[in-house]
Amino acid sequence: MYEIDVNKNYDLVKKSGAKQKTVIRVGNVEIGGDGFTVMAGPCTVESLEQIVEIAKEAKKAGAHLLRGGAFKPCTFPYRFMGHGEDGLKMLAEARSQTGLPIVTEVMEPSDVDVVCKYADILQIGMRNMQNYRLLHAVSKTDKPVLLKRGSWAKLDEWLGAAEYIAAGGNEKIILCERGIVSFEDHTRWTLSLSVVPALKEITHLPIIVDPSHGTGRRNFIIAMAKAGAAAGADGLMIEVHPVPDKSFSDAVQTVGYEDFNRLMQELAPVVKAVGRNI
Ligand code: PEP
Ligand code: MN
């Protein structure tokens, strides 16, 4: 007999008993532990030279992971959608030269295997937060999953999406607040930082903040990165490019090396003030 418990929603990702905190390890990097974790890199992997250079600069500035899209969801169909598997190979080369683990997006269930071949963390982009077939597909892998919040999604819906991954057998989930729809028009999206303490009450999963997509405004990134840390996030995701204005995608929200260095320097005392290490 098939029974459905209508009172069960996201029990696996909820805090309960001894399960108060999930710490995710990739290589030497921890997410959700005592440390604060910074993921940095371009919106899209553009070339091998570019990604290797960015990885080196990000590492020098203190980043712990390299981000970069090889499969890109774009609002308009005429934009650069990434180099696909070649982009993954470029990321892997940047990892081998710097030791930085890679986080990169997977858009389709049929791409999960190829992305798993190269990535250390699978990113589910905001547009796919409720793509249940994709959530199921990543739940069957052994890779941590960074689940971005849908810009329309309530906290319950976001945790429901996380529960799909956990229910499929993969509890290595990192939540990423990346901005929601609101009436504000001074930013592209509204970074909902109060979701960080709200999630900390409910879930044992680590939470990172993405002020790049969350504001869509380069000049706001440093302030909102520090605010994310102050709110109690476990880490940040930041878009960085050597010549931000020339980025193939998301140029207006991408910071250069100088700003990224300043961000890391100004972040350190904030992270310490809230009792974390960086
Ligand atoms: C990204 O990280 O480059 C991205 C496309 O993010 P989001 O899914 O949050 O828009
Ligand atoms: Mn982007």
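Student: Which residue stands opposite A40 in strand 4, and what makes strands 3 and 4 a pair?

Tutor: A40 sits across from L66. Strand 3 and strand 4 run parallel and are joined by two bridges; pairing takes at least two bridges, so they count as a pair. Keep in mind that this is a predicted model.

Student: And what joins strand 3 to strand 10?

Tutor: Five bridges, again with the strands running parallel. One position to look at is V38, which stands opposite L236 in strand 10.

Student: Why is strand 3 called mostly covered?

Tutor: Buried means under 20% relative accessible area, and five of the five residues in strand 3 (residues 37-41) are buried. Both faces are covered: T37, M39 and G41 are on one side, with V38 and A40 on the other.

Student: What kind of sheet do these strands belong to?

Tutor: A closed barrel of eight strands, running 3-4-5-6-7-8-9-10 with parallel pairing. From one strand to the next, the twist averages 25°.

Student: How do you know that strand 6 and strand 7 pair?

Tutor: Three bridges join strand 6 (residues 121-124) to strand 7, and the two run parallel. The cut-off is at least two bridges, so they qualify as a pair. Within that pairing, Q123 stands opposite L146. Strand 7 (residues 145-148) has V145 and L147 pointing one way, L146 and K148 the other way, and all are buried.

Student: What about strand 9 and strand 10?

Tutor: Two bridges link them, and they run parallel. That meets the cut-off of at least two, so they pair as well. Here the bridge partner of V209 is L236 in strand 10.

Student: Where does helix 2 lie?

Tutor: Helix 2 (residues 85-98) lies across strand 4 (65-67) and strand 5 (102-105), and runs at about 165° to strand 5.

Student: Why is V114 called buried?

Tutor: V114, in helix 3 (residues 112-118), has 17% relative accessibility, so it counts as buried. The cut-off is under 20%. Leaving out residues up to four places away in sequence, V114 touches F71, E85 and L88. The C-alpha atoms of V114 and E85 are 7.2 Å apart, although 29 residues separate the two along the chain.

Student: How do you know that the buried residues of helix 6 line one face?

Tutor: The buried residues of helix 6 (residues 195-202) are V195, V196 and L199. Seen down the helix axis, they fall within an arc of 100°, so they line one face. They pack against helix 5 (155-167), strand 8 (173-177) and strand 9 (207-209).

Student: What makes T203 buried?

Tutor: T203 is in the loop between helix 6 and strand 9. T203 has a relative accessibility of 2%, so it counts as buried; the limit is under 20%. Not counting residues up to four places away in sequence, T203 touches V13, K14, K15, L159 and L175.

Student: Which backbone nitrogen lies 3.1 Å from a polar atom of the T203 side chain?

Tutor: That of L205. A polar contact needs the two atoms within 3.5 Å, and 3.1 Å is the separation here.

Student: Are H213 and E239 buried or exposed?

Tutor: Both are buried.

Student: Then why is D250 called partly exposed?

Tutor: D250 has 21% relative accessibility, so it counts as partly exposed. Buried would need under 20%, and exposed over 50%. D250 lies in the loop between strand 10 and helix 9 (257-273).

Methods: Residues are numbered from 1 along each chain as its sequence is written. Chains are lettered from A and ligands numbered from 1 in the order in which they are written. This is a predicted model: local features need pLDDT of at least 70, side-chain atom pairs count only at pLDDT 80 or more; totals for chains, interfaces and linings use all residues. Side-chain values use heavy atoms; hydrogens and water are left out. Buried means under 20% relative accessible area, exposed over 50%, partly exposed in between (1.4 Å probe, protein chains only). Helices (H or I, at least four residues) and strands (E, at least two) are DSSP runs, numbered from the N terminus. The arc is that of the directions from the helix axis to the C-beta atoms. Contact means heavy atoms within 4.5 Å. Axes are lines fitted to C-alpha atoms, for helices over the stretch in contact, and angles run from 0 to 180 degrees between N-to-C directions. A polar contact is a pair of N or O atoms within 3.5 Å; within protein, one must be able to donate a hydrogen and the other to accept it, and residues adjacent in sequence count only if both atoms are side-chain atoms.
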